[in-house]
Amino acid sequence: MLIRFVIRMMKRLKNEASSVRRFKLSYILLGLAAFYLILICVKFPEFLESATALSGDAAAADVALDVEDDGGESSTSGFHNNLNQYVLVTPREEENENGALPHKKPRKLHYGRITAAIMKRQNMERNLSVLDRMADEAWTLGSKAWEELDKYEEKGIEMNSILEGKPESCPSWVSTSGAQLAKTDQLMFLPCGLAAGSSITLIGTPHYAHHEYVPQLSKTRAGDALVLVSQFMIELQGLKSVVGEDPPKILHLNPRIRGDWSHRPVIEHNTCYRMQWGTAQRCDGLPSKYDDDMLVDGYLRCDKWMRNDIVDTRESKIFSWFDRFIGRAKKPEVTWPFPFVEGRMFILTIRAGIDGYHINVGGRHVTSFPYRTGFTLEDATGLAIRGDVDIHSVYATSLPTSHPSFSPQRVLDFSEKWKSLPLPQNRIQIFIGVLSATNHFAERMAIRKTWMQASAIKTSDIAVRFFVALNPRKELNAILKKEADYFGDIVIVPFIDRYELVVLKTIAICEYGNVTATYIMKCDDDNFVRIDAVLREIQRVPPRRSLYMGNLNLLHRPLRTGKWAVSFEEWPEDVYPPYANGPGHIISSDIAKHIISQYRNRSLRLFKMEDVSMGMWVEKYNSSAPVQYSHNWKFCQYGCMEDYFTAHYQSPRQMFCLWNNLLKGKAHCCNF
């Protein structure tokens, strides 16, 4: 019995041990399955990328093929494929002797084909700066815009109907209510700008003052930096040339009812051209001078209003008694208060005169502001209102019915004599790259008819090309392509134009000009270039000397606060390197070659300010090869000066005037 019991117990223990083992094994298997699921979830994005790389997706396939083996070839195009045509530009490629693009040998990455594609994409995403990301986005959108342009033309759109048809008609008056204005973000569109005699009338009510914190006052007021503020801005704005650039402010009218935090009311006027503010005109209740050169169409720039801090000492009580004693009649003096009062309705009229804008409030002339260089009346295509004011209604009357920028047929003169010659095979003296915007038809046509007619350009010693990026509006791109096909002087850089990416156009000018010229000049399309003077200035430089010429800035400091702030990550140094002002500068071809070489191997430092970028690149080149820095004020940054080399902020009308003066043998300005 005992033996039978022992045998039975041994069998039971054996069965229990087997069930425990089965129980533990099932838990282990469940744990492994859960871990596998977690791993799949974590790695799922990479799995998708692998699947994409293996699929027929074009973008992923291109990345994979680019790193597949040492014998592969890239099919992307570079800055130009034909020196006599506009071009399709993509970044960082090389060219051969004929100007065509060779196929670039891709760099070998020591990973599998799919892994290499994923690693390359991830590294690009991690290492790109904000500017690089912006550029990549602009290139992508530009490629789509270029494809849409082909489809746009394939639809059978008659370009002649756009270019040769009737001028676009605009209404002679427009009006809007305060409610409608609020829906358009306080912006009213003036379809064809203004003309002499046009007027804009606003009815509004200023807000009551509110407290505003001013950090600058905290240092002087023992911590009390709260002030009462009530102010608003009325601005005539122009067309935005590129994405990211603020529209030009043709007239900035800023009534400050509580003053500059000093309890004394003031009205300030100004302009902002190409994101650069001019000198402010301030009216503070004191009348301006009656000198003829200070009057605007016969009106004072600033009329008088009552101020409680001014005591008239010309008439004492004794003289007042004497006048009454002899019976001298005292003429009544009309005095006016400040025209804007918190919570009280006003009627303001802005009228465009011959010499400037005239502002009336409540039927009384308050101030006049002379027209500034760089703007025309038809540029004022928008009215923007901001600040502490409620607008009830706006009326604009006596408006022009057509606009050159909206009606290219008014300015694009399709005549054989305005066509550019093909670039010569032999090396030329100077290549001039002109930065322009898609809708600047009038500016380009003015240059073609003026300084591009200089003898040095006609004899092919100098060549000029416009560098233009694409616009979000495909009809403008279509007209641009038509213009480029006919005149043969436009280099289309197919990214969507942005203010921050002007530096890419400068690089394109360096690459394009380095093929053909000894010197490369960059300027803007509102720059008038006196070709003969620039040639003489360059010839003063010893041959084969590296050259950086322009209106040079020394020891300029970056702004750390405000709209133009530059962070320490963007620029850690206290000052910028010496750099020439952006409107016009010249470099020798060896510097341009260095810039392109650095750009191709991705070691070129890009900065959002194009002129500072050039200063950085030249400074780096100067560390290995001496560069002659040549400064001259006659490369004018602001407007024009007598005997100029280049004149900035010149409208098409002024360019024709400057050209006529040169034909008479006089380098005189046309500051009207």
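Me: Why is Phe645 called buried?

Reply: In this predicted model, Phe645 has a relative accessible area of 7%. Buried means under 20%, so Phe645 is buried.

Me: What makes Phe635 count as buried?

Reply: Its relative accessibility is 2%. The cut-off is under 20%, so Phe635 counts as buried.

Me: Why is the pair of Phe635 and Phe645 called edge-to-face?

Reply: The ring centres are 5.4 Å apart, and a pair needs centres within 6.5 Å. The planes stand at 80 degrees; over 60 counts as edge-to-face, so that is the name for Phe635 and Phe645. Both residues lie in the loop between β23 and β24, ten residues apart.

Me: How many aromatic pairs does a search of the whole structure find?

Reply: The search finds 20 aromatic pairs.

Me: What makes Tyr548 and Tyr629 an edge-to-face pair?

Reply: Their centres lie 5.6 Å apart and their planes are at 75 degrees. With limits of within 6.5 Å for a pair and over 60 degrees for edge-to-face, the rings of Tyr548 and Tyr629 are therefore edge-to-face. Tyr548 is in strand β21 and Tyr629 in strand β23, 81 residues apart.

Me: Are Tyr548 and Tyr629 buried or partly exposed, and why?

Reply: Tyr548 has a relative accessible area of 0%; buried means under 20%, so Tyr548 is buried. Tyr629 has 28%.

Me: How do you know that the charged end of Arg448 sits over the ring of Phe487?

Reply: The charged end of Arg448 is 4.0 Å from the centre of the Phe487 ring. The distance limit is within 6 Å, and the charge must also be within 35 degrees of the ring normal. Arg448 is listed as sitting over that ring.

Key. Residues are numbered from 1 along each chain as its sequence is written. This is a predicted model: local features need pLDDT of at least 70, side-chain atom pairs count only at pLDDT 80 or more; totals for chains, interfaces and linings use all residues. Side-chain values use heavy atoms; hydrogens and water are left out. Rings of Phe, Tyr and Trp (its six-membered ring) pair if their centres lie within 6.5 Å; planes under 30 degrees apart count as stacked, over 60 as edge-to-face and the rest as tilted. Helices (H or I, at least four residues) and strands (E, at least two) are DSSP runs, numbered from the N terminus. Buried means under 20% relative accessible area, exposed over 50%, partly exposed in between (1.4 Å probe, protein chains only).
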